Amino acid sequence: MWFKKKNKEQTKKNKEQTLNLKILKRIWSEHTKKYIWALIGAMAITSLTALTEAYSVSLLKPIFDNGFIDKDSKVLLVLCVQIIALYFLKGWLYFVQTLILSHISTKTVQAIQQKVFTHLISLDMAYFNKTSSGQMLARIINDCNAITNIAINFITHIFKDLITFVAMFGLMIYYSWQMCLVIFFFFPIGAVAIGIINKKVKLISKTDTQKSADFVNQISESLQNVKIIKSYCMEKFEESRIKKILGYMFDLSMKRVKSTAVATPVIESLSGFIMAGIIIFGGWQISKGYLTTGGFVTFLGAWVSVYKPLKSLINFRVQLQTAIVSAERVYEIIDTKPSIQDEPDAIDLSNIKGNIEFKNVCFEYENGKPILKNINMTIPAGKTIALVGASGGGKTTIVNLIPRFFEATSGQIFIDGIDIKHISQKSLRQNTSLVSQEVILFDDTIKNNIAYGKGENGFDNVSDEEIISASKSANAYDFIMAMTDGYNTQIGEKGVRLSGGQKQRLSIARAIIKNAPILLLDEATSALDTESEFEVQTALDNLMKNRTTIVIAHRLSTIKNADMIYVIEKGEIIEQGNHDELIEKDGEYAKLYNMQFKRKNN
């Protein structure tokens, strides 16, 4: 039983070591290898620094034997000049090394952050539905920085300290290989102790990294929803939630510090035994004439000099475990594949008419929980269809399937007779415009928010005339010109400095300037007051001209003129027809319409 458990632990340990090695190789090949010549230069400088330290220690023998014991003042003067030159050289070598490594460090972390962000925004909406923004922020900021430390610390600690260690041990062996045996006697004890510490640190680091991400997520969420927090007087509650997470993080941090710091007393205790052994054995060698006083001092100086890099190497191994955990989290994102991908021979749409057809379309977010069931719709080019029904029926899901924000579980969707799975996602989205109830605006100028509709190829080249024309069609021109800075007005995060109607009209202007043949309107006026709704509805009428339009609306009065109305209930089409036909049927639509009509009259 004991043997099986031991064998299992060894297998797990081997797997972890293999994974760690793979991660380190990947960091090198994907992020650090491009700076190979700069790294070689830094390593060369580091080597010189380590060798100057070793050479300065070797000067202790002639200082003691020739300078102090033989009282040769000329030798002392020459040696002092050498020491000044060595320390001057070492200082400037360190300066150059720091500049090179800082350059590599900054470039590397930015490259990793850019890669993670670029990959994140390439993922489909399903990923964002199940991953919080705070978790993603923590990985882009905290975890990416931790990866960079692996590459940089390799040079500043592993490489430099290893060379220093080898050089100093070379000196020690040269002057007294017998005393080196005293040191090697205690090494296995230290190795076992550090192995146990490493294991504990990695376990704590995994939990600590997750809690750090939770903290960022909670802060992000609270700041985004500060209006709700204030309106419900929940400041103390949110404060206590943050305090609880911080308290848990503090406990984990202290555990990690304890586990890491315990390496110091272990090493110091062993060093005490080693130092005592060196003094006793060294004293015996001097008394027998096997070693000079200068040789003993040089050996002792080399040991003191080797102790620091040895301690640093041990601590780096412990710190490496934390960095590996962060690297695993970053590569978890990078290795996530979008569930919706273009086919190798996907085509680009051009000069489309805008005919849309749904054939037996089904969709589910989770297996066994259908959201849409056998949706069949035909939308002729240039016509307007409306989707109505109770909330949660699947209307927004239908709209989201057209630009492939989500993929239909079964069935087909066609645009101009082409299955959208055969169309590139970029081309598909270039030919659709979305205006939703939740207006998304950027903390930028009004002009740039409207110009965003031009896409990456046209954003920088959009003319003022196009911006003005789009804003006039969206009934936004008057309120824009009434502002102090006009089109250069900064609107704040999510357009916080604008009213609901103003924000919606800017989003419509953005859709107008995009000029896509297919228009998707998801309850674009439901959150507005009567006056704002009139302004926005007029803007929408301008936008809908000569476009294939799908409208989701709870206010049925706004879709009376739709060419076709589909009533959606529990993911199925239960009624379809124009307004008059559906009223005449006296079914679900008529019931909804009469209910709203009575409420309005009351």
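**Aromatic pairs, a surface patch and cysteines**

Searching the whole structure, which is a predicted model, gives 8 aromatic pairs. One of the pairs joins Phe442 and Tyr452. A nonpolar surface patch includes Phe88, Trp92 and Phe95, and the disulfide count is 0.

**The Phe442–Tyr452 pair**

- The rings of Phe442 and Tyr452 are tilted, with 35° between the planes and 4.6 Å from centre to centre.
- Phe442 belongs to the loop between β6 (432–436) and α13 (446–451), while Tyr452 belongs to the loop between α13 and α14 (455–458), so the pair ties together parts that are 10 residues apart in sequence.
- Phe442 is partly exposed, at 36% relative accessible area.
- Tyr452 also counts as partly exposed, with a relative accessibility of 47%.

**Aromatic cluster and nonpolar patch**

- Phe88, Trp92 and Phe95 make up one aromatic cluster.
- These three residues, together with Val96 and Leu99, form a nonpolar patch on the surface.
- The accessible area of the patch residues together is about 530 Å².
- Leu99, one of the patch residues, is located in helix α4, which covers residues 73–122.

**A charge over a ring**

- Lys472 is placed over the face of Tyr477.
- The distance from Lys472 to the ring centre of Tyr477 is 4.9 Å.

**Cysteines**

- A disulfide is a covalent bond that links the sulfur atoms of two cysteines.
- The structure has 0 disulfides when cysteine sulfur atoms are searched for pairs within 2.5 Å.
- Cys80 is partly exposed, and its relative accessible area is 42%.
- Cys362 counts as buried because its relative accessibility is 19%, and buried means under 20%.

Note on methods: Residues are numbered from 1 along each chain as its sequence is written. This is a predicted model: local features need pLDDT of at least 70, side-chain atom pairs count only at pLDDT 80 or more; totals for chains, interfaces and linings use all residues. Side-chain values use heavy atoms; hydrogens and water are left out. Patches are made of residues with over 30% relative accessible area and no salt bridge: like charges are joined within 9 Å, nonpolar side chains (Val, Leu, Ile, Met, Phe, Trp, Tyr) within 5 Å. Accessible areas come from the Shrake-Rupley method with a 1.4 Å probe; for residues, only the protein chains shown count as cover. A salt bridge is a side-chain nitrogen of Lys or Arg within 4 Å of a carboxyl oxygen of Asp or Glu. Helices (H or I, at least four residues) and strands (E, at least two) are DSSP runs, numbered from the N terminus. Buried means under 20% relative accessible area, exposed over 50%, partly exposed in between (1.4 Å probe, protein chains only). Rings of Phe, Tyr and Trp (its six-membered ring) pair if their centres lie within 6.5 Å; planes under 30 degrees apart count as stacked, over 60 as edge-to-face and the rest as tilted. A charge sits over a ring if NZ of Lys or CZ of Arg is within 6 Å of the ring centre and within 35 degrees of the ring normal.
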